[in-house]
Amino acid sequence: MDKEETEEEKEYFSHPTSTVEGDVEIGKGTNIWHYAHVREKASLGKNCNLGKDVYIDTEVEIGDNVKIQNGVSVYQGVTVGDNVFLGPHMTFTNDVYPRAEGEWNVEETEVKKGVSIGAHATILSGLVLNEYCMVGAGAVVTKDVPANTIVYGNPAVVKGFVCDCGKKFESAEKAFEDMDKVIFRCSECGKEVEIDREVYKRLGKTAED
Ligand SMILES: [Zn+2]
């Protein structure tokens, strides 16, 4: 069978310079670009895009419509939900106290649906990045990130709130407040997003506060 026939049979695209190991699941419409490497037992959903030099470790699970920019390594222990954006050269880790010698202690990190992570951000291991949060470029994330928050800095702290559609909420868009929640209404798409009062109070606070 020649190369062209093989390309027609599979429902995803992998550039000739990429490496896709055996026993992988790759959804229809996914593109795997130059020098990317998908290890065995990894799974990728539909319509994903893996940029140049992306590395997907063994047993990693990635959802649908995930965009992974150049140079990102998704290590074992990391799970990525649908519609996630991983900016260029952002970094996952998977051991908080790594040593070259001894056992590797893999800790799990979960990136939930709709999360965006900016260029060169670093995510420590054992964390949950909740739905539609946005991590700014160069941030160092050391704690779980609540849904629909914008975090950045080193260590990253809550700096604002954002709609699922990507529009940043201004304080004037607050629809109403009650004891437990602050509710924003998006001026772009009309969606109402609830932020827990405890999360809202973290706005602008330093990590030590
Ligand atoms: Zn919106």
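Is D23 buried or exposed? D23 is exposed, since 10 other C-beta atoms lie within 10 Å; a residue is termed exposed at 12 or fewer such atoms, buried at 20 or more and partly exposed in between, with C-beta atoms placed from the backbone.

1. Basis of the note. The model is predicted: local features need pLDDT of at least 70, side-chain atom pairs count only at pLDDT 80 or more, and totals for chains, interfaces and linings use all residues. Residues are numbered from 1 along each chain as its sequence is written.

2. Positive phi values. D23 has phi near 60°, a positive value in a residue other than glycine, and is found in the loop between β2 (19-20) and β3 (25-26). Strands here are DSSP runs of E, at least two residues in length, numbered from the N terminus. Y35, also a residue other than glycine, has a positive phi near 65°. Its place is the loop between β4 (31-32) and β5 (37-38), where Y35 is partly exposed, with 16 other C-beta atoms within 10 Å. Most residues other than glycine have a negative phi, and most peptide bonds are trans.

3. A cis peptide bond. The bond from N154 to P155 is cis, with omega near -5°. P155 belongs to the loop that links β21 (149-152) and β22 (157-161).

4. The open sheet. Nine strands, in the order β1-β4-β7-β10-β13-β16-β19-β21-β22, form an open sheet of mixed pairing; two strands pair if DSSP finds at least two bridges between them. β1 (13-14) and β22 are the edge strands, each pairing on one side only. Within the sheet, β19 and β21 run parallel and are joined by two bridges. M134 has I150, in β21, as its bridge partner.

5. The nonpolar core. The largest nonpolar core has 52 residues, of which I62, V74, C133, V135, V141 and V151 touch the most other members. Such a core is a set of buried Ala, Val, Leu, Ile, Met, Phe, Trp, Tyr and Cys residues joined through C-beta atoms within 7 Å. Among the strands that each supply at least two residues of this core are β12 (78-80), β19 (134-135), β24 (181-185) and β25 (192-196). Not counting residues up to four places away in sequence, V135 touches I117, G118, A121, V141, V145, V151, Y152 and A156; contact requires C-beta atoms, placed from the backbone, within 7 Å.

6. S171 lies in the loop between β22 and β23 (174-177) and counts as exposed, with 10 C-beta neighbours inside 10 Å. The C-alpha atoms of S171 and G160 are separated by 9.5 Å, the two residues being eleven apart along the chain.

Technical notes: Helix = DSSP H or I, 4+ residues; strand = E, 2+ residues; numbered from the N terminus. Contact = placed C-beta atoms within 7 Å.
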